[in-house]
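Try each task before reading its solution.

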Amino acid sequence: MSQKVEPAPVLRVCSGLTGQPELLPEVIAALARSFGEIALRSDPFAFDASDYYRPEMGADLQRHWFC
């Protein structure tokens with residue numbers, strides 16, 4: 001018969017895509033309120049693999065990763 005075990009802790013991974021990096025502090029605060037302290041954060045890097053988001057979000061987008 002199986003036994004109940006506690007699950008191992010996990011890190012949530014979230015990606016953000018923005019053309020307005022000045023909004024990041026507000027985004028980070030909202031993530032922390034919802035999921036807890038941000039443990040890891042990537043440096044921003046250019047999102048230039050596609051123009052898919054350009055009509056809605058503009059050019060020169062940056063990708064950020066958070067855990």
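**Exercise 1.** Which residues form one aromatic cluster?

Solution. The model is predicted. Start with the pairs. Two rings pair if their centres lie within 6.5 Å. By this rule the count comes to 2 aromatic pairs. Phenylalanine 47 and tyrosine 53 make up one of them, at 5.9 Å centre to centre. Tyrosine 52 and tyrosine 53 form an aromatic pair too, at 5.0 Å centre to centre. Now put the names together: Phe47, Tyr52 and Tyr53 form one aromatic cluster.

**Exercise 2.** Classify the pair of tyrosine 52 and tyrosine 53: stacked or edge-to-face?

Solution. Look at the angle: 90 degrees between the planes of tyrosine 52 and tyrosine 53. Planes over 60 degrees apart count as edge-to-face, so this is the label that applies. For phenylalanine 47 and tyrosine 53 the angle is 55 degrees, and that pair is tilted.

**Exercise 3.** Decide for phenylalanine 47: buried or exposed?

Solution. Buried means under 20% relative accessible area. Phenylalanine 47 has 18%, so it is buried. Now test its cluster partners. Tyrosine 53 has 31% relative accessibility, so it counts as partly exposed. Tyrosine 52 has 64%, so it counts as exposed.

Terms used:
Residues numbered from 1 in each chain as written. Predicted model: local features only at pLDDT ≥ 70, side-chain atom pairs only at ≥ 80, totals over all residues. Heavy atoms only, no water. Phe/Tyr/Trp six-rings, centres within 6.5 Å; stacked < 30°, edge-to-face > 60°. Buried < 20%, exposed > 50% of the residue type's maximum accessible area, 1.4 Å probe, protein only.
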